[in-house]
Amino acid sequence: MSGSALFETFARAPLAFDHGEGAWLVTTDGERYLDFAAGIAVNSLGHGHPHLVEALREQAGKLWHTSNLYEVPEQRRLGERLVDNTFADKVFFTNSGAEALECAIKTARRYHFVKGHPERFRIVTFEGAFHGRTLATIAAGGQPKYLEGFGPKVEGFDQVPFADVDAAKKAITNETAGILIEPVQGEGGIRTVPAETLKALRKLCDEHGLLLIYDEVQCGVGRTGKFFAYEWSGAAPDIMAIAKGIGGGFPMGACLATDEAATGMTPGVHGTTFGGNPLAMAVGNAVLDVVLDDGFIDEVNRKALLFKQGLASIVDEFPTVFEEIRGIGLILGLKCRMPNAGVNMAFREEKLLTVPGGDNVVRLLPPLTLTDDDIREGLVRIRSAAERLAGGASGH
Ligand SMILES: *Cc1c(COP(=O)(O)O)cnc(C)c1O
């Protein structure tokens, strides 16, 4: 019965939403859910944000699409704003995270190609990574469950244990083009890469002439309490893929690079029909209006602290349910002692939406705009789910 006309690729929850307000979603039956999943870190400014709605409405009345055959003023503007606020000098807009990663990988390979080293195409990646579902990005992620049955794995990715600098160093050969890492693993279970590790990888790349590539598709755009997560470490990349939060719910992504790293990306070597489309660009600019506004990121940090303190006391109170809290800012994970799917389900029964992740973690990725009341309400629901689960665990 379920979704019979659709590919059966998603194990969907039996919930359909009609509209949303801030951190709340309302089902077609009128039931209210507190949304601490935010479309997997996509709805960075919650649902129905007036500034975003207005930006999209205004653009929809003007122009939807012209193609990259012409100048797209809103694209130019968003590119400049990203450049002004990051390590980057250049931006390529995409429609998704995986496409942003594809562009990042191609940019790194092409860099070495134009430098006279076509043999340098391999990229070192880390266990537990998630970089998307295209053929190249499942190879980069290296997870057997995503590779199985899809033919030969795309050549050129060498995976080493999570955040292991020595292993990364050993994996470098004269065919290596770069190192690709999520500063905070999302799908892998909210695992934060230590600042020292990112610094050491930066150094390794400098020593070997490699490009350091960050995947900030999930952890970027204010989520960690900095505009981008790498800012916590001070180790800037050469190339970075972003998506999810930058569109606030409108599908878009981007690949950012330094001038040097983008050397090989000359006219005609890469392209996209929809990437940088005026509708997406209008929304992306509107998201930045809010996220880059004075005090917004400070508020993310303040709220994250409030939330984390509340979570810490729940974790202490229910040691049979939770093992620890992970993450930084509003990309948090509860590592569970019981199967995370059951914990995620118990939250949903409390009408709280969360996302399971790897390493038996439940991810908490609320909109960055959530209120203190939303946090308090979320904690009440998490506690009450934990209480039920703990009762079950101790056999009461
Ligand atoms: C979601 C995600 C991707 C893939 O993004 P899509 O838009 O689904 O293609 C890549 N990397 C990370 C870290 C992600 O969280």
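These are my notebook entries on what I looked up in this predicted model.

**Ground rules**

I number residues from 1 along each chain as its sequence is written, and I work with heavy atoms for side-chain values, leaving out hydrogens and water.

**Entry 1: the overall fold**

I counted 12 helices and 17 strands in the protein, taking helices (H or I, at least four residues) and strands (E, at least two) as DSSP runs numbered from the N terminus. The radius of gyration is 21 Å, close to the 21 Å that the globule rule gives for 396 residues, so the protein is as compact as a globular protein of that length; the radius is taken over C-alpha atoms, and the rule is 2.2 Å times the number of residues to the power 0.38. Along the principal axes, the C-alpha atoms fill a box of roughly 70 × 55 × 45 Å.

I noted that 53% of the 396 residues are buried, where buried means under 20% relative accessible area, exposed means over 50%, and partly exposed lies in between (1.4 Å probe, protein chains only). The protein exposes about 17,400 Å², of which carbon and sulfur atoms supply 55%; these areas come from the Shrake-Rupley method with a 1.4 Å probe, and for residues only the protein chains shown count as cover. Among contacts between residues at least 6 apart in sequence, 73% join residues at least 24 apart, a contact being heavy atoms within 4.5 Å.

**Entry 2: the annotated lysine**

I looked up Lys244, which UniProt lists in an unreviewed entry as "modified residue: N6-(pyridoxal phosphate)lysine"; UniProt positions are in the numbering used here, feature names are shortened, and annotations may be inferred rather than shown by experiment. Lys244 sits in the loop between β11 and β12 and is partly exposed, with a relative accessible area of 21%. Leaving aside neighbours within four places in sequence, I found Lys244 in contact with Ile40, Ala41, Val42, Val217, Gln218 and Met252.

The unreviewed UniProt entry gives "binding site" for Gly97, Ala98, Phe130, Asp215, Glu216, Val217, Gln218 and Thr273. They span 177 residues in sequence and the farthest two C-alpha atoms are 25.1 Å apart, so they do not all gather at one spot. From this set, the lining of the largest pocket takes in Gly97, Ala98, Phe130, Asp215, Glu216, Val217 and Gln218. On a 1 Å grid over the protein atoms alone, a pocket is an open set of points with protein on both sides within 12 Å along at least five of seven lines, where a cavity is a set in which a 1.4 Å probe fits but cannot get out; lining residues have an atom within 4 Å of a point.

Gln218 lies in the loop between β10 and β11 and is buried at 8% relative accessible area. Its contacts beyond four places in sequence include Lys244, Arg223, Arg363 and Glu187. Ala98 belongs to helix α4 (residues 97-114), is buried at 14%, and touches His131, Gly132, Arg133, Thr134 and Thr137 beyond its sequence neighbours up to four places away.

Arg133 is in the loop between β5 (122-126) and α5 (135-141), and at 55% relative accessibility it counts as exposed. Apart from residues up to four places away, Arg133 touches Ala98, Ile138 and Tyr146.

Thr272 lies in the loop between β12 (253-257) and α9 (278-291) and is partly exposed, with a relative accessible area of 21%. With residues up to four places away set aside, Thr272 touches Asn68, Phe92, Phe93, Asn95 and Glu99. A polar atom of the Thr272 side chain lies 3.4 Å from the backbone nitrogen of Phe274, and I count a polar contact as a pair of N or O atoms within 3.5 Å, where within protein one must be able to donate a hydrogen and the other to accept it, and residues adjacent in sequence count only if both atoms are side-chain atoms.

**Entry 3: Asp238**

The Asp238 side chain reaches the backbone nitrogen of Leu212 at 2.7 Å.

Key:
Predicted model: local features only at pLDDT ≥ 70, side-chain atom pairs only at ≥ 80, totals over all residues.
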